[in-house]
Amino acid sequence: MTSATHSPLFPQTPQVPEVPDSADAVLDGLDPEQREVALALHGPVCVLAGAGTGKTRAITHRIAYGVRAGILQPGTVLAVTFTNRAAGEMRGRLRQLGAGGVQARTFHSAALRQLQYFWPKAVGGEMPRLLERKVQLVNEAAARCRIRLDRNELRDVTSEIEWAKVTQTVPADYPAAVAKSSRDAPRAAAEISQIYGTYEQLKRDRGVIDFEDVLLLTVGILQDRHDIAATIRSQYQHFVVDEYQDVSPLQQRLLELWLGDRENLCVVGDASQTIYSFTGATPDHLLNFRTRYAGATVVKLIRDYRSTPQVVHLANGLLAQARGKAADHRLELVSQREAGPAPSYVEYGDEPAEAESTARRIRDLIASGTPASEIAVLYRINAQSQVYETALADAGVPYQLRGAERFFERPEVREAIVALRGAARAGGNDSLLDDADDLASQVRAVLGTKGWTAKAPAGSGAVRDRWESLAALVRLAEDFGKAKPGSTLSHLVAELDERAAAQHAPTVQGVTLASLHAAKGLEWDAVFLVGLTEGMMPITYAKTDEQIEEERRLLYVGVTRARLHLTLSWSLARAPGGRASRRPSRFLTGLRPGTVASGARSAGGAGGIERGGSTAFGQDTPTSAAPRRKNRGPVRCRVCGKALTDGGEMKLMRCEDCPSDMDEGLYERLRDWRAVQAKALGQPGYCVFTDKTLMAIAENVPSTDNELATIPGVGVRKLDRFGSDVLAICAGQELGESSEDD
């Protein structure tokens, strides 16, 4: 994993022990468009920079060239970005180019510095203490309003207050603003408005300010005190803003006050990477830049030094289907790298198969020389990480989570396991379990006290994240109960403890697991984009056209993280043998082979859709989608002839209600054998064969490899691994006993 600006494939200035010896030497190694940016030192400049095009390189060389040529004075330049890491990196690059002394800061850092300096003159006395974390004060405000918030609601309400402040919305206007923006508020808008107002009053009473106040107060001082505004403008005469598509209305207002009536502003951004609108960010300022500054110089950086032509082709195709204002300004990237492998599209029968096959592919990549730290698995929400944590741990592949705790370290998961352990110890004495007649219903009853509900909560945020984690535990319990009938809560807790222990190894540099949001600004040699189904991508709570388009941009960000290898995958069912009711993401239509997007050119590439296995040791040999579709008709019940759609019925090759001619004794022997295999492998029983597959075997009683291979759920690898055992059991032999023909 590296910062997106660290790609070794950018055109490089020759490695010399000292800084460039002249202004012209600063320009060495820049491509024509980057050079144009560096030379545009006067007036408004808008740099539209696609992913992987070297935007940071372009703007740092622009500043350095201006300083080295004597056109810009270092102390008069303020470069603004969004993270301390990015600001520090920019300062380091400028020093290497001989342009030390330039201020590179975040909006908050620059505003705080100015506020501290001018507070005595503008207000008098000591500046209020900066509140590091506002959660506790928001909680107190809610209590004063007699509104009870759990921990996750508290986080969400705090985020709503932050959104209101960066959009310059006062408490009284919050209900109207949230309705206009189509946001899913975590509580009633009137309640949040009341909490927000009380929170502001508590801050005033205690003489504290929060981070949003730093910007608000600086804006207020610059608006009211023209002498202070003039002092700042006399010091800073040239401004550079990176990631301009992520600027909030409040940050834009501060920038305008820094500028005054001048136009020495250079902004850099890409509207196609706007993925933080839920925080108040908007690409409108970037998209309207040429309207605001009619004479602006506009430079487009489209040479992609990060990704192969195959990855870039997919990224361009994804945006070709986009709609809306941001889509009208999309950039068509052109890869500068040599050709690489075509992106893979892989369809799986269920989530465990998707995770386990992904882990095996990663293990193969590592074995072939790709460092684990240069591989990433990216998903839409953090709750998706659990199955991949487990699969990678089982495969012996080191991993690290970015932007989230490991699944079993999350507070809600730890609380849930404590509650399950308590219920297990209480046994029949826990009234919660009175109406629960199986393991899954017992888990649902216990986790219902921790926030799990049968229906997902509306919207996003901490409440939804907590629910997703608890729902993952419920699903795990359902699968465990099916794999090990008769299991108790104690058995499940032991299983959870084992899984948690396996994932508590010391942190090492390994494969990165991250949400798509957390992956912004990073890049890897190999990227696996997983779980790409409707309801997850786009996420189910994305309702409006603009919210849907932001989901598309989020997938675009994921695609453009990959340098060389890119795999996009999805599963048709949640659990082995489950109903195959899921559909691939609509965003893949027109990209994956065999599909065409309406109203947009197809960007489908070479390769084909691979069909992954449906269990842990399922079919791994990829086959092209087209031939299978061409030759395969509907699967029909072998008893009544009805077309089958349910995954379990398809494995049985008959309707669930049609009469079974299963050999019950054979079925029980197969189940006993499976239990032994699962224990030896350290896997749930369904990872060997699902119940439905064993039932199909017991009904068909295959006698040859070919007959066994025709049963759904028996793939090539399972046939090689388990075929001889299964055929021996079907023949009535004891394992290890030779047949008379041998």
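This is a short tour of a predicted model, stop by stop.

**Whole chain.** Start with everything shown. The protein has 742 residues, and 54% of them are buried. Color by secondary structure to find 29 helices and 18 strands. Among contacts between residues at least 6 apart in sequence, 76% join residues at least 24 apart.

**Gln 168.** Select the loop between α7 (151–166) and α8 (174–181), where Gln 168 sits. Most residues other than glycine have a negative phi. Gln 168 has a positive one, about 60°. Gln 168 is partly exposed, at 41% relative accessibility.

**Glu 243.** Move to the loop between β7 (238–241) and α12 (249–259). Here Glu 243 also has a positive phi, near 50°. Is Glu 243 buried or exposed? Its relative accessible area is 17%, under the 20% cut-off, so Glu 243 counts as buried.

**Helix α20.** Select residues 439–448. This helix is mostly covered, with 7 of its 10 residues buried. Among the buried residues are Leu 439, Ser 441, Gln 442 and Val 446.

**Pro 538.** Next, go to the loop between β16 (522–529) and α23 (545–559), which holds Pro 538. Check the peptide bond from Met 537 to Pro 538: it is cis, with omega near 5°. Most peptide bonds are trans.

**The acidic patch.** Finish with Asp 663, Glu 664, Glu 668 and Asp 672, which form a negative surface patch. Glu 668 belongs to helix α26 (residues 664–681). Glu 668 is partly exposed, with a relative accessible area of 39%.

Methods
Residues are numbered from 1 along each chain as its sequence is written. This is a predicted model: local features need pLDDT of at least 70, side-chain atom pairs count only at pLDDT 80 or more; totals for chains, interfaces and linings use all residues. Side-chain values use heavy atoms; hydrogens and water are left out. Patches are made of residues with over 30% relative accessible area and no salt bridge: like charges are joined within 9 Å, nonpolar side chains (Val, Leu, Ile, Met, Phe, Trp, Tyr) within 5 Å. Accessible areas come from the Shrake-Rupley method with a 1.4 Å probe; for residues, only the protein chains shown count as cover. A salt bridge is a side-chain nitrogen of Lys or Arg within 4 Å of a carboxyl oxygen of Asp or Glu. Lys and Arg count as positive and Asp and Glu as negative; His and the chain ends are not counted. The place of a charge is taken as NZ of Lys, CZ of Arg, CG of Asp or CD of Glu. Helices (H or I, at least four residues) and strands (E, at least two) are DSSP runs, numbered from the N terminus. Buried means under 20% relative accessible area, exposed over 50%, partly exposed in between (1.4 Å probe, protein chains only). Contact means heavy atoms within 4.5 Å.
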